[in-house]
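Here's a quick briefing for anyone meeting this structure for the first time. Have a look at the sequence and the model, then read on.

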Amino acid sequence: MIENTSPSEASARTWRESLRLYLQPASLRMLLLGFSAGLPLLLVLGTLSFRLREAGIDRSTIGYLSWVGLAYGVKWMWAPLVDRLPIPWLTPRLGRRRSWLLLSQAVIMAGLMGMALNDPSQVLGPLVACALAVAFASATQDIALDAYRIESAEVNAQAALAASYQTGYRLAMIWAGAGVLWIAARAQGAETTGYAQAAWQTAYLVMAVSLLPGMWMVLGSPEPVPAPMKPARNVAEWVQGALVDPFADFWRRYRWQAVLVLALIAVYRISDVVMGIMANPFYVDMGFTKDEVAAVTKVYGVVMTLVGAFIGGVLSARWGVMRILMLGAILSAASNLLFAWLSGVGHDVTALIWVVSADNLASGIASAAFIAYLSSLTNISYSATQYALLSSMMLLLPKFIAGFSGDFVNAYGYAQFFQVTAWLGVPVLLLVALASRVRPAA
């Protein structure tokens with residue numbers, strides 16, 4: 001007997017079924033694993049620059065140390081190894097994906113403990129070495145986790161897994177941004193300004209322990225059914241399939257226009273990335289406390305980024321990706337001028353709230369449009385590899401230039417630095433206008 005169901009009831013059941021996906025074990029696993037993936041990023045970049053500046057480290061040195069983040073921009077270089085190479089003892093027991101996840105998480109935890117125990121105001125080298133280890137292990141975790149997520153569920157459940165992953169990732173960024181500053185401030189006690197190694201040691205050890213839920217989840221999760229891979233007969237054939245073919249396909253489809261597309265990808269986020277390296281040293285030099293920075297930049301800032309991403313997604317669907325890509329480029333560059341204004345205002349929490357809110361809203365809009373643009377460039381046959389290559393490329397040039405940001409601030413001051421980073425966004429507008437005419441070959 002066929003049950004008669006009204007359209008509204010069918011719609012309600014569809015909504016229930018859709019929402020139920022977020023309560024499935026796979027989605028809950030991705031929530032915790034996403035938290036593990038998001039935790040290390042700020043601890044070796046944004047939060048670390050705050051700690052180093054408070055410890056009296058020169059701005060030029062902090063700028064150069066931002067090159068630690070280049071590990072995230074070149075992770076595609078060892079992605080084929082993570083995809084195919086077994087780890088002795090671990091892989092036979094855990095499987096290909098979980099063994100790489102557990103190993104990378106263990107290295108991240110050890111590296112964070114090393115960063116906790118080393119005092120940068122005394123000797124900087126050991127802390128930098130630990131930060132490098134954390135960055136490379138974190139990038140490796142990203143590679144393994146992307147593969148684990150894709151292989152863990154059918155296509156119709158991938159959106160739920162991605163949403164759970166992003167939720168965990170953003171919660172970790174709040175914890176590693178606001179949480180670590182809050183813990184350090186509490187551990188420091190009444191003396192809320194100045195550098196206290198014991199306070200930062202406590203904060204970073206808590207961050208290291210925060211990896212344990214993710215490691216527990218890896219051990220308790222099933223290994224997904226691995227995607228079938230045709231074994232390569234030799235090294236040359238392996239390199240051809242893993243790296244050469246995805247590149248060759250991109251060039252075949254876009255031909256000479258590929259240069260224009262790659263140029264846009266390489267510089268689209270340049271205003272944000274170059275400015276961002278000096279943001280935390282700027283807050284320290286302006287006299288903002290750990291609690292103020294935690295509350296404003298690491299909580300409100302993340303929330304406004306999510307709001308901006310939502311707005312960017314809706315606008316892109318309504319008016320097209322390229323128009324919102326242009327809007328995001330304009331807003332990202334213009335928002336840097338607000339920091340130049342703030343440098344003249346000084347220590348004013350209300351002004352900081354408005355500036356950070358505007359900057360993160362602009363960043364969210366730009367990011368949503370940019371991700372949609374990158375996704376539109378990939379061939380479904382090589383989507384994972386091409387997306388990894390393109391998304392990595394967007395960081396290389398901006399991160400390299402950002403390494404010299406401390407030298408510029410030392411020579412010319414914060415106001416002029418923020419103004420110049422805004423001007424860096426002007427060529428991006430021309431590239432967006434030209435790229436909007438690009439069409440792939442049939």
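What follows covers a surface patch, a pair of helices and some charged pairs.

This is a predicted model, in which local features need pLDDT of at least 70 and side-chain atom pairs count only at pLDDT 80 or more, while totals for chains, interfaces and linings use all residues. Residues are numbered from 1 along each chain as its sequence is written, and side-chain values use heavy atoms, with hydrogens and water left out. Helices here are DSSP runs (H or I, at least four residues), numbered from the N terminus.

**The nonpolar patch**

- Val 299, Tyr 300, Val 303, Val 307, Phe 310, Ile 311, Val 314 and Ile 353 make up a nonpolar surface patch of about 640 Å².
- To join such a patch, a residue needs over 30% relative accessible area and no salt bridge, and nonpolar side chains (Val, Leu, Ile, Met, Phe, Trp, Tyr) are joined within 5 Å.
- The areas themselves come from the Shrake-Rupley method with a 1.4 Å probe, and for residues only the protein chains shown count as cover.
- Helix 17 (residues 290-319) gives the largest share of the patch, with seven residues.
- An α-helix has 3.6 residues a turn, so residues three or four places apart point the same way.
- Val 307 sits in helix 17, and Val 307 counts as partly exposed because its relative accessibility is 34%.
- For the wording: buried means under 20% relative accessible area, exposed means over 50%, and partly exposed is in between (1.4 Å probe, protein chains only).

- Helix 15 (residues 270-277) is mostly covered, with seven of its eight residues buried.
- Those buried residues are Ile 270, Ser 271, Asp 272, Val 273, Val 274, Met 275 and Ile 277.
- The axes of helix 15 and helix 18 (residues 321-345) come within 8 Å and cross at roughly 25 degrees; axes are lines fitted to C-alpha atoms, for helices over the stretch in contact, with angles running from 0 to 180 degrees between N-to-C directions.
- That makes helix 15 and helix 18 roughly parallel to each other, a label for angles under 35 degrees.
- Asn 336 belongs to helix 18, and Asn 336 counts as buried, at 0% relative accessibility.
- Asn 336 and Asp 272 are 64 residues apart along the chain, yet their C-alpha atoms are separated by 7.9 Å.

**Charged pairs**

- Side chains of opposite charge can pair when their charged atoms come close.
- The structure holds six salt bridges, each being a side-chain nitrogen of Lys or Arg within 4 Å of a carboxyl oxygen of Asp or Glu.
- One of them links Asp 285 and Arg 53, whose closest N and O atoms are 3.0 Å apart.
- Asp 285 is in helix 16 (residues 279-285) and Arg 53 is in helix 3 (residues 46-54), so this pair ties together parts that are 232 residues apart in sequence.
- Asp 285 also meets Arg 59 in a salt bridge, at 2.7 Å from N to O.
- Here Asp 285 in helix 16 pairs with Arg 59 in helix 4 (residues 59-65), so parts 226 residues apart in sequence are tied together.

Technical notes. Patches are made of residues with over 30% relative accessible area and no salt bridge: like charges are joined within 9 Å, nonpolar side chains (Val, Leu, Ile, Met, Phe, Trp, Tyr) within 5 Å. Helices (H or I, at least four residues) and strands (E, at least two) are DSSP runs, numbered from the N terminus. Angles under 35 degrees count as roughly parallel, over 145 as roughly antiparallel, 65 to 115 as roughly perpendicular and the rest as oblique.
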